[in-house]
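Here is a short tour of a model, with a few local features picked out along the way. Have a look at the structure first, then read on.

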Amino acid sequence: MHLARHLVLIGPMGAGKSTIGRRLARALEAPFRDSDQAIRERTGVEIAHIFDIEGETGFRRREKAMLRELLDEPPGVLATGGGAVLDADNRRLLREHGTVVYLRTSVDEQLRRTGKDKRRPLLQTDDPRARLEALMAERHPLYEEAAHVTVDTDRGTIGQMVHRILAALDESGNDRQHA
Ligand code: S3P
């Protein structure tokens, strides 16, 4: 299987973008890339450290540059950070260069999966539920705007989610054709 375009995974923290993305890439025998991971490798520090030193603005600048770079690579599966869709250029770019899949997840499930996460700077708050709800209220319309296809990832095994995504792509007529 040769991907004709990138498969871009968007969605909130804890939606499973990295975990599902890695398995999806394996199923498609395509390269897997993860924007946060690429930023960690490039800078040699954790995302939380970038937030501490450069603020969210600095991180968003790095994220935007990294997404451009990764989209210039040969097609593969790309996991983005939960806030990648905040920037209108990013939303346009992701849609232009790829088939965008929104991994939709409830706040309850996000909370369950992110638990006592110390790696995600936006969850270092007394009330992570309130934070996740506020982020979802702001971002859900942006995820919908950016996505070609939406898939629920609240239930099921990773394998089932991968199948669900591939089925949704086939059904929608969005490509994962042989090149
Ligand atoms: C963020 C999500 C994180 C990471 C950063 C900011 C966000 O990625 O990019 O902490 O704004 O939602 P994940 O969605 O992979 O957790």
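The model is predicted: local features need pLDDT of at least 70, side-chain atom pairs count only at pLDDT 80 or more, and totals for chains, interfaces and linings use all residues. Residues are numbered from 1 along each chain as its sequence is written, and side-chain values use heavy atoms, leaving out hydrogens and water.

Let's start with Glu-29, which sits in the loop between α1 (17-28) and β2 (32-34); helices (H or I, at least four residues) and strands (E, at least two) are DSSP runs, numbered from the N terminus. The phi of Glu-29 is near 50 degrees, a positive value in a residue other than glycine. With 67% relative accessibility, Glu-29 is exposed (exposed means over 50% relative accessible area, buried under 20%, partly exposed in between, with a 1.4 Å probe and protein chains only).

## Helix α6

Buried residues of α6 include Leu-132, Met-136, Arg-139 and Tyr-143. The buried residues of this helix pack against β1, α3, α4, β4 and α5 (contact means heavy atoms within 4.5 Å).

## Aromatic pairs

The whole structure holds two aromatic pairs. In one of them, the ring centres of Phe-51 and Phe-59 are 5.1 Å apart with planes at 35 degrees, so the pair is tilted. Rings of Phe, Tyr and Trp (its six-membered ring) pair if their centres lie within 6.5 Å; planes under 30 degrees apart count as stacked, over 60 as edge-to-face, and the rest as tilted. Phe-51 is buried at 15% relative accessible area, and Phe-59 is buried at 4%.
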